[in-house]
Amino acid sequence: MNYHNMYRDLFLAVEKGTIEAVQQASSHIFESAVSITDNAFRVLAADYDPGSKDEMLVRQGDFTYVSSSLLDTFHKHHLIDQLSEQPHKVILVNWDFFQDHPHITTGIFRDGKILGSITVLLRDEHVTAEMEEALLACADACAMVLYLNSIGRRRPGDADRYASLLFHAPVSPETVHAACDRGLLRNDTDYIVIASELAPEPHWERLLLEQNASLVYTEQNTACILAPRTVITDQYTEWVRSRGYHYGISYSCSDLTMTPLLKKQACAALEYGRLSRCKEYCQDFSAESLRILMRRPENRMFEHPAVSKIRQYDLENHTEYLLTLHQWLSCGMDYPRTAARMNLHRNSLYYRINKIQELFSLDLSDANTSVQLYLTILMTNDSPGPEVPPDR
C-alpha cells in the first residue's frame, strides 16, 4: 500500500470534484483495483471499462449496474444489511464469486444516509488496521464529492419547500391548495406515501416530480414519496425491489392534509418488513396494519395464553386446531365460508370449533375472547399452518 501523501491525494481528488478522481486516488493508495457504486448499485467508477462484458454487471440504458445474480449473493450473505445497519464497518468479502479474489468494502455515508459503497480488490485475505483506516478515508472522500455534486442537482425550491411542509403536521388546506396550484400535486386523485430504504436517483426523482405530480422527502436514511398509484410509481417500486431494498406503502387518501399520518404508516410498514425479515420486499400498511400494531412491545399484554397451548397441542397430536381457529376468525366466524375456504365438510368444522372450546376452556361466542385470540395469532405467527386457498 502507498500511504505516502494519502490524505493529500484524497484532498486533491475532492477538490477536482469527481468520483473518478477519488477512485484514481484510492487505486493509487491501495495499489489495487477499486470500484465505487451508489446506493442503487450503479457503477460510478472502476478500474475497468464498465461497458465490457461481465457476468457481474448488467447495462440498463446509459448506466451499468451490479447484476441481479450478484445482488442475490449479497442478500444471501447479508452484505446489504451490514452496510446499511453498521456505518463505517469494513467488511471482508471472500465468498462465492470472490473466493479467489477477496475484497474489502465499506459504505459511503453522509448524515446517517447510505450513498453507496467502495470496494478494493485484495491480494490475500490479510486486512490490517491501516487498510481499514485508508478505506474509510476514501469512503469519506466519496461522500463529500457525492454530496457536493448533489447540490447542483437539487429539486426546484418549491418542491423542497412544499415537501417539508406537507410531511410535517399540522398541514393546512391552504398549503395543499398552493401545492396543487403550482402543479406539484393533483387534487383529483387518491395519494399514497411510499417509504423506501433507497432514495431515488436523479433520473427517478425527475420522473416522479415532473411527470407524476409527486413530492419526495428524505429524512435520515428513509426516502418518502407522496404519489398517486400510477405506472411511474409501479416502475419505481420495482426498481427499488430489484436493488434489494424494502419499502412500505401507506393507505391511500384524497385528503393531503393527512400526509404526515400516511408517512407514519408507510414508515411503520417499512420497519415491520425489515424487522420481521419478511421475504416480501413490499409491505402494505393496509394489509399488515394489525400485525404492525401488535408488534409494539406495549401491546404484548393483549396476547391470549390459549394460543400457545393450542399450538403445542397441534404439534404433539398432529391436529390443525390453530389453523382452523385462524381461518374461522378471519372469515368472521362464518361456518359455510370457512368450510369452503379450508375444503372441509361443515360438520367437521363444527366439530373442530367445539373441540377447541372444550379442550382449552374457551367461550368463542364472547367478542373480547375472539378479538384477543385473533390478534394474538396475527402477532405471534404470520402463518400458523399450511396455506389454504383464498375465497374465490
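My entries on the sheet and then on the rings follow.

**Ground rules.** I am reading a predicted model, in which local features need pLDDT of at least 70, side-chain atom pairs count only at pLDDT 80 or more, and totals for chains, interfaces and linings use all residues. I number residues from 1 along each chain as its sequence is written, and side-chain values use heavy atoms, with hydrogens and water left out.

**The sheet.** I looked up the strand order first. I found an open sheet of 5 strands, ordered β2-β1-β7-β6-β5, with antiparallel pairing. At the edges I noted β2 (43-45) and β5 (91-93), each of which pairs on one side only. On average, neighbouring strands here are turned by 35 degrees against each other, direction ignored. For that angle, axes are lines fitted to C-alpha atoms, for helices over the stretch in contact, and angles run from 0 to 180 degrees between N-to-C directions.

My terms need stating. Strands (E, at least two residues) and helices (H or I, at least four) are DSSP runs, numbered from the N terminus. Two strands pair if DSSP finds at least two bridges between them.

I then checked one pairing. Strand β1 (residues 34-38) runs antiparallel to β2, over 2 bridges. T37 stands opposite V43 in β2.

**Ring pairs.** How many aromatic pairs does a search of the whole structure find? I got 14. Rings of Phe, Tyr and Trp (its six-membered ring) pair if their centres lie within 6.5 Å; planes under 30 degrees apart are stacked, over 60 edge-to-face, and the rest tilted.

I took F41 and F74 next. Their ring centres are 5.9 Å apart and their planes at 40 degrees, so I logged the pair as tilted. F41 lies in the loop between β1 and β2, and F74 in helix α3 (residues 68-76), 33 residues apart. F41 is buried at 6% relative accessibility. F74 is buried too, at 8%. Buried means under 20% relative accessible area, exposed over 50%, and partly exposed in between (1.4 Å probe, protein chains only).

Y313 and Y321 came next. Their centres lie 5.8 Å apart with planes at 25 degrees, so this pair is stacked. Y313 is partly exposed at 24%, whereas Y321 is buried at 8%.

I also traced a cluster: ring pairs link F41, F74, W95, F98 and Y245.

**Charges over rings.** I count a charge over a ring if NZ of Lys or CZ of Arg is within 6 Å of the ring centre and within 35 degrees of the ring normal. R42 lies over the face of F63, 4.4 Å from the ring centre. R110 has its charged end over the ring of Y147, at 3.6 Å from the centre.
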